[in-house]
Amino acid sequence: MTSSQGDIAATPVVRPQLPPEIGRQVTIANVLRTTGRAGSETVDPWDPLADPLARGAVFKADYVVDAAARADGRRTFNRVQDAVSRAVSDGGAASGQRVYILVKPGTYRELVYVPASSRPITLYGEGRSAADTVITAGLDAAVAPGDYVKQFGAQFASVDPSIQEMHALVRERSGNISTSGTMTVWVRNHGFQARNLTFENSYNKATGNAREECGERACGNSAPDAQINKVHHQAVALTVEGADKAQFENVRLIGFQDTLYLKSAETRVTARSFFHRSYIEGDVDFIFGDTTAYFYRSEVRSLGDRTMSYVGAPNTNWKTKYGFVFDTVRFTSDGSPNALAGKFHLARQWFHNSRCSPYAPVDVPGYRCVLGAESVYRKPKGTITPTVLETVGKMIVVNSTIGRHIDRQRPWSEWNRAGTLSHRPAQFTSDDFWNNLRKAGIDPVRDLGYDGPPAPKDIYLAEFNNADE
């Protein structure tokens, strides 16, 4: 994700409302009935509320994680990752059979990577609330791979090879681990479930995200609490990557920027996630990605430590029918002064991997940004790929309560200021997408090979039957 400082919409925008006949179709059954490649999805009806997980079933644990117990390495473990590894390794004998891992109350300071496996895994806590069982780590995007290994490498020494492969993807990066290497919990497992647990990225949680690491001027200041607000790094609590039918019941996701990353494993291919009776907090772009996800009967809290906040940053492919859908969700805030200013946003559409913008004049002599085979900018000229252009971002909010912290006139923000290299205006429908391309000198039919604009138009950003707090 890109830096978000100063990303304020340049012009006021409306609050588009779905007509009743369309709004009433935004249901769990309709949104989650298809999966797969954008534009040619597979119909596969899914009702997560009918699953025993959502009905509060009592499970018989196949493996138990208890930090205070004596681990035997077969059924009882002190670390969650070790139990997951054993469950995956044991999978050959019972291919396809769901496995249940009970995590006893406590705080588990570790990373947990759940690989693709023939066995869908259910991870669940037995405390009185999700807050009783916490999986936490403190990685941010600026961490060097060597530091990542020093802190967490030992826990991957003896795990299943499929988990070691995931670890290697982060360990072997050049530069920093970046946003997609920071997650505390990383799920690739189809049918994965979690219940009654907290997943936390603890980066900056002890101080607040406006209290960034001190720079030379701050550390050299004689005042004991001197600080400088420099860069606020991305730090993911949970990544769900390509895992279809991933289901989360009564979970807490704790972080600041980029708390929850819902990521396709392959370009233009989506998977489905469902969050029920859960709590998600953050400050900037803290629910982001390109998959289809349904949030139901939950709370989404914006933290006001920074001057600007965005709940969602979807980068849904334009042919994927649904991106993020929020139904019967309370959008709340922590009541901080910045939140009380009422200038936060429901979302901005993530202009994923853009290096230059064709959408607005940029004050650089000789500036151009045209279609190309890669997204790159070498002043004053750059190129942008069709893949970047068509990640339009979709988010619908229905039957929900919108807190006072959300800007009433501009709940949907543009991506960065007009005139900046990564600017893109908010696009509410496929008509906006089509017209913006043409204004930028890009013909969707001639240059991108599209057949024509969708008719009727597709909805990208909209509300239905919401109440303002």
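Analyst: Let's start with one term: a residue counts as buried when its relative accessible area is under 20%, as exposed when over 50%, and as partly exposed in between. Please keep in mind that this model is predicted.

User: Thanks! Why is Glu463 called buried?

Analyst: Glu463 has a relative accessible area of 0%. Buried means under 20%, so Glu463 is buried.

User: What makes Arg15 and Glu463 a salt bridge?

Analyst: The closest N and O atoms of Arg15 and Glu463 are 2.8 Å apart. A salt bridge needs a side-chain nitrogen of Lys or Arg within 4 Å of a carboxyl oxygen of Asp or Glu, so the pair qualifies. Arg15 sits in the segment before helix H1 and Glu463 in strand S31, so the bridge ties together parts that are 448 residues apart in sequence. The structure holds 23 salt bridges.

User: And why is Arg15 called partly exposed?

Analyst: Its relative accessible area is 22%.

User: Why is helix H3 described as largely enclosed?

Analyst: Helix H3 spans residues 80-89, and seven of its ten residues are buried, so the rest of the structure largely encloses it. Among the buried ones are Val80, Ala83, Val84 and Val88.

User: How do you know that Asp285 is buried?

Analyst: Asp285 has 0% relative accessibility, and the cut-off for buried is under 20%; therefore Asp285 counts as buried. Asp285 lies in strand S18, and an unreviewed UniProt entry annotates it as "active site".

User: What makes S26 and S27 paired strands?

Analyst: Three bridges join S26 to S27, and pairing needs at least two, so they pair. The two run antiparallel, and Tyr377 has Gly382 as its bridge partner in S27.

User: Why is S25 called an edge strand?

Analyst: In the open sheet ordered S25-S27-S26, S25 (368-371) pairs on one side only, and so does the other edge strand, S26.

How values were computed: Residues numbered from 1 in each chain as written. Predicted model: local features only at pLDDT ≥ 70, side-chain atom pairs only at ≥ 80, totals over all residues. Heavy atoms only, no water. Helix = DSSP H or I, 4+ residues; strand = E, 2+ residues; numbered from the N terminus. Buried < 20%, exposed > 50% of the residue type's maximum accessible area, 1.4 Å probe, protein only. UniProt positions renumbered as here; feature names shortened; annotations may be inferred.
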